[in-house]
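Here is a quick briefing on a protein fold, grouped by topic. Have the model open alongside while you read.

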Amino acid sequence: MSYKTLEARSLSGGLGAEIYGTNLKDHGNAELWDELQRALLEFKVIAVRGQSLSPIEQRDAARLFGEPNYYPFAQGLPDIPQMTLVVKEPHDRRNFGNGWHSDTPYLAEPPAITTLYAVETPARGGDTLFTNMQMAYEELSTGLRQLINGVTGVFSASLKYRPGGNRQEHHAKIKSMPVTNTENADRYESRHPIVRTHPQTGDKALYCSMAHTLHFEHMTERESQPIIKMLYEHAATPEFTCRLRWEPGTMTFWDNRCTMHNAINDYHGARREMRRLTVRPEKPV
Ligand SMILES: [Fe+2]
């Protein structure tokens, strides 16, 4: 696919691209926004380099992809309540977003797209891994695809199967973030297909993770968990993934409908600050 208003450099054979030559404050350039939307569909993750965005400017750019969603477990900025800071201070040991997941699948209408803007990044480390869940689905055997097509997953915010503690324990240790409401995490539960169809491309993708999928409908947790674990390990196959190196001024958009991501916690002693805003609530089908 070719682009006139931007330069896209792919990050790997699996997914992801860096975008150069664009200014996300240029709202009047309809062709640019059309091409960014196309690039997001083509690459599933786009990291727009060299931006300088205030919180309001990030929101205004994100809005061109859809209306903002609330994140239930962190306090938002006073003037943009849907936008949350993701901060790890030098003394912190835990980070936010570690472990493979798609964002907030326990909501009835999870956000189709997440935007993350890098304010401050460590000199080394703090990269994010992404994986292509369409490819993960397509690379399953026909037998397994038949087995899981039409299966409904029960998605929970409890982080029950997270190694090292549930959401309340985990978030209590993320000291530098304005975490809130985690005592209610168990109440956030939704049912979605574990093979979902992308509404814009028609492509099927795996939608299932050890972080959030408790079990399959009409199956016990004991029966479901080995399959969830196998699908999760399959999704992390290196050929489906890319690794994004952040720098201040990188604004990344990713498509939660066909990817998972994993924030690597390898920068103890350094500070990292990002701003997160999700958009376009959409019921998975
Ligand atoms: Fe995330």
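Strand β7 (residues 152-156) and β11 run antiparallel and are joined by 3 bridges; strands here are DSSP E runs of at least two residues and helices are H or I runs of at least four, numbered from the N terminus, and two strands pair if DSSP finds at least two bridges between them. This is a predicted model, so local features need pLDDT of at least 70 and side-chain atom pairs count only at pLDDT 80 or more, while totals for chains, interfaces and linings use all residues. Residues are numbered from 1 along each chain as its sequence is written.

**The three-stranded sheet**

- Gly-153 has Phe-216 as its bridge partner in β11.
- The open sheet here has 3 strands in the order β8-β7-β11, with antiparallel pairing.
- β8 (189-193) and β11 (213-216) are the edge strands, each pairing on one side only.
- On average, neighbouring strands of this sheet are turned by 30° against each other, direction ignored; axes are lines fitted to C-alpha atoms (for helices, over the stretch in contact), and angles run from 0 to 180 degrees between N-to-C directions.

**The seven-stranded sheet**

- Another open sheet takes in 7 strands, ordered β1-β2-β3-β13-β5-β15-β4, and its pairing is mixed.
- β1 (7-10) and β4 (84-88) sit at the edges with a single partner strand each, so one side of each is left without a neighbour in the sheet.
- From one strand to the next, the twist averages 25°.
- Strand β5 (residues 111-120) has 8 of its 10 residues buried, so it is largely enclosed by the rest of the structure. A residue counts as buried if 20 or more other C-beta atoms lie within 10 Å of its own, exposed if 12 or fewer, and partly exposed in between, with C-beta atoms placed from the backbone.
- On one pairing, β5 meets strand β15 (residues 272-281) in the antiparallel sense over 8 bridges, and Leu-116 stands opposite Arg-276 in β15.
- β5 also pairs with strand β13 (residues 251-255), again antiparallel, over 5 bridges.
- Across to β13, Thr-114 has Trp-254 as its bridge partner, while Thr-115 stands opposite Phe-253.

**Helices on that sheet**

- Helix α1 (residues 30-43) lies across β1, β2 (17-20), β3 (45-48) and β13, and runs at about 130° to β3.
- Helix α2 lies across β5, β13 and β15, at about 30° to β15.
- In α2 (residues 55-63), the buried residues are Gln-58, Arg-59, Ala-61 and Ala-62. Viewed down the axis of α2, they fall within an arc of 165°, so they line one face of the helix; the arc is that of the directions from the helix axis to the C-beta atoms.
- Those buried α2 residues pack against β5, β13 and β15, where a contact means C-beta atoms, placed from the backbone, within 7 Å.

**Pro-55 up close**

- Pro-55 belongs to helix α2.
- Is Pro-55 buried, exposed or partly exposed? Pro-55 counts as partly exposed, because it has 18 C-beta neighbours inside 10 Å.
- Not counting residues up to four places away in sequence, Pro-55 touches Leu-77, Ile-80, Met-83 and Arg-275.
- Asp-34 is 21 residues away from Pro-55 along the chain, and their C-alpha atoms are separated by 23 Å.

**Nonpolar cores**

- The largest nonpolar core has 44 residues, and Ala-17, Ile-19, Ala-39, Phe-43, Val-45 and Ile-46 touch the most other members. Such a core is a set of buried Ala, Val, Leu, Ile, Met, Phe, Trp, Tyr and Cys residues joined through C-beta atoms within 7 Å.
- Phe-43 is in contact with Ala-8, Ser-10, Leu-15, Gly-16 and Ala-17, leaving aside its neighbours within four places in sequence.
- A second, separate core holds 21 residues, including Tyr-137, Ile-228, Leu-231 and Cys-258.

**The whole chain**

- The protein chain has 6 helices and 15 strands.
- Its 285 residues would give a compact globule a radius of gyration near 19 Å, and the chain's 18 Å agrees; the radius is taken over C-alpha atoms, and the globule rule is 2.2 Å times the number of residues to the power 0.38.
- Along the principal axes, the C-alpha atoms fill a box of roughly 50 × 45 × 30 Å.
- Of the 285 residues, 45% count as buried.
- Among contacts with a separation of 6 or more, 81% come from residues 24 or more positions apart.

How values were computed
Contact = placed C-beta atoms within 7 Å.
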